[in-house]
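Here is a brief report on one protein chain. Look over the sequence and the model first, then read on.

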Amino acid sequence: MTDITNGKRSPSRDHELGMNRSITRRDFLNGIAIGAGGALASPWLASLLGAPAVPSPAQDRPGYYPPTLTGMRGSHPGSFEVAHALRDGTFWQDAGKTIETGEEYDLIVVGGGISGLAAAYFYRRQLGSSSRILILDNHDDFGGHAKRNEFHVAGRMLLTNGGTFAIESPFPYSKEARGLMTELGIDPPAFQKKYADNHVYDGLGSAYFFDKETFGAERLVANPPGGFNGRQGASGKWADFLARTPLSSDAQRDIARIQEGQVDYMEGVPQAEKKARLSKMSYKDFLLKVVKAHPDVIPVYQTRTHGLYGIGIDAVPALDCWAIHFPGFQGMGLDRVPSKGLTFTALGEVTPQEGYFFHFPDGNASIARLLVRSLVPGSAPGNSAEDVVTSKIDYGRLDHKDSPIRIRLNSTAVLARHVGDSRSAKQVEVVYGSDKKAYSVRGKGAVLACWNMVIPYLCPDLPAEQKEALHYGVKVPLVYTVVGLRNWTAFHKLGVRGVSCPGMYHSSLNLDLAVNIGEYKSSESPGQPILVHMLRTPCAPGLSAREQQRAGHYELLATPFETFERNIRDQLARVLGGGGFDPAHDIEAITVNRWPHGYAYEYNPLWDPDWPEGKRPCDIARRPFGRITIANSDAAAAAYTDQAIDQGYRAVQELPS
Ligand SMILES: Cc1cc2nc3c(=O)[nH]c(=O)nc-3n(C[C@H](O)[C@H](O)[C@H](O)COP(=O)(O)OP(=O)(O)OC[C@H]3O[C@@H](n4cnc5c(N)ncnc54)[C@H](O)[C@@H]3O)c2cc1C
């Protein structure tokens, strides 16, 4: 994977790239927000860096509005240090005596993502509007992965998703999840019809960028037949497209065969057996050992699974790749019907169902904002799913003493235990770390809507089998980089809206999806500012899926913003240079949404056993424990919003009265 910072940094190249340019990230010290008057936004970090701690909770300070922060976001500096100190066993010695707040609630929710917010919503609906609920989250903003990125470029507000992209799932939304959408005023199919702008990019297609470090020569080649997924985009023959690439003749011949050939590579083998074999081999092995393709084809396909799986084709089963319409299987006579041996995501692909998709301009952050507006009256103006898109949240209202439901940000739970024996206790105590201190609150129950891996540290009293199950899955690391550009004339000149860059630091880049809803208008013409999404998946091919994910966590936390920025500028300059793109002039803002703990771990036939019904680690991990129940998408082993909602619903039903 090309990383231009590996020994190739040069002052003159930095100058060309605009590393010296003043863009919004200049307000950041390696991604750490510097607030008004030079105060550090995170009191915790302030104390680490020797500056005076800000005594009042950060979210109550005037001007506190995390969606507009740029630089290093996602797991931003200040959000994970407490949890890591807890893991490393150093939190308690540094925190000193726990401060009793005296606060008592009906319910304490740990985790302010969609699952935790939905749990609070369901609890209030069930137990009444006077229910007192406290929601704790370690980030400076609510929403978990469903985060909003809000840019202001040349006087225009541009929104996009910092994480969760859209309402879409492998399977139809459940009665509860769909019901919640309806209560929030969201009708995905109707919104998609009404608000998605399907014409602004008319005439622009897709392209591959072949970088010289991986492919020997540098070239942007537009219009692969059928686009990236073979089902849309340009027409034509693959041989003609490939002839324009720098790929070897062996690679060209075999890619054309993979894309267009009608070969049954397992002739005579019964269909069920074919599927069973394909589910136990990677797509890479399928290409090399079954299709017998030349190894030069692998770099072209290696990253194609990154967006959906967070790992490359070496670690994704061939049967999944068939289900998600990868090429090579068209002559094998495989029926598109649900079958064993598919991951959750791929099984949904072969299960017939109606369309249920909508992308809000800020992704599913709009769902989180609608939930917050409902839970905390006065937190945002408006009353429709349309107007929430441009309404401004008043963060000062979120943890207000007059509100029965409070959302406390920058607060990492470090302990959740029963007050007394778990079988008879009437209360749960939750301790959270904030400003390097420990604070205690009590509730009649607690829903842990945080990540499975953190729960054993919070609840040392859990049974050993449950703790082991909670530790099993390893969340998938991902980076959603967003770059604010002054205009998109380079894309227009090159005739592209999305580029696959299989050898580069970010494996793809795309113009933001255009949606016009309420008062929000996306970019309408090439001369206007726009946001570009870039995807990076820090996996380590050759290892098991879980090991790749662990390696990715370390890489992400060890990579400074400057390294991202240099690679972003270099990549955009090289890919779009032919269209006149100038990174020193055209880039207005950069946000790196870093998610070391991204997608929930989905079970994968290549790496995980085929557990009997009810015995998967997530089934054991989500067992209720007295007055403590467990929500979040890890509890379903499925990285989707509806799953997070369903788990929030279940966790509330399991709370004892
Ligand atoms: C980059 C990305 C893109 C995605 N795109 C889609 C998509 O397009 N469609 C879709 O349906 N799904 C998508 N998903 C999956 C979807 O976002 C999740 O399934 C869902 O949002 C998970 O919600 P959650 O509340 O379970 O977890 P999270 O969103 O992770 O929220 C849990 C919260 O708990 C916090 N927490 C953890 N430990 C503690 C602690 N000790 N104390 C306090 N707080 C704590 C976490 O920091 C987090 O804020 C995507 C996920 C990612 C990462």
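## Burial and T641

A residue counts as buried when its relative accessible area is under 20%. T641 has a relative accessible area of 8%, so T641 is buried. Keep in mind that this is a predicted model.

T641 sits in helix α25, which covers residues 641–653. Leaving aside residues up to four places away in sequence, T641 touches I114, T164, Y173, N364 and I367.

## Overall build

The protein chain has 25 helices and 19 strands. Its C-alpha atoms fill a box of roughly 75 × 60 × 50 Å along the principal axes. The radius of gyration is 25 Å. A compact globule of 657 residues would have a value near 26 Å, so the two agree.

Contacts reach across the sequence. Take those with a separation of 6 or more: 72% of them join residues 24 or more positions apart.

Strand β15 spans residues 496–500. Four of its five residues are buried, so the strand is largely enclosed by the rest of the structure.

Two pairings involve β15. Strand β8, residues 205–210, pairs with β15 in the parallel sense over four bridges. Within that pairing, A207 has V499 of β15 as its bridge partner. Strand β16, residues 508–511, runs antiparallel to β15, and three bridges join them. Here G498 has N510 of β16 as its bridge partner.

## Strand β10

Which residues cover the two faces of strand β10? I405 and I407 lie on one side, and R406 and R408 lie on the other. All four are buried, and both faces of the strand are covered. Strand β10 spans residues 405–408.

Strand β5, residues 133–136, pairs with β10 in the parallel sense over four bridges. I133 has I405 of β10 as its bridge partner.

## Surface and charge

The accessible surface of the protein chain comes to about 25,100 Å². Carbon and sulfur atoms account for 52% of that surface.

The chain has 70 positive and 71 negative side chains. The centres of the two sets lie 1 Å apart.

Note on methods: Residues are numbered from 1 along each chain as its sequence is written. This is a predicted model: local features need pLDDT of at least 70, side-chain atom pairs count only at pLDDT 80 or more; totals for chains, interfaces and linings use all residues. Side-chain values use heavy atoms; hydrogens and water are left out. Buried means under 20% relative accessible area, exposed over 50%, partly exposed in between (1.4 Å probe, protein chains only). Two strands pair if DSSP finds at least two bridges between them. The radius of gyration is taken over C-alpha atoms; the globule rule is 2.2 Å times the number of residues to the power 0.38. Contact means heavy atoms within 4.5 Å. Accessible areas come from the Shrake-Rupley method with a 1.4 Å probe; for residues, only the protein chains shown count as cover. Lys and Arg count as positive and Asp and Glu as negative; His and the chain ends are not counted. The place of a charge is taken as NZ of Lys, CZ of Arg, CG of Asp or CD of Glu.
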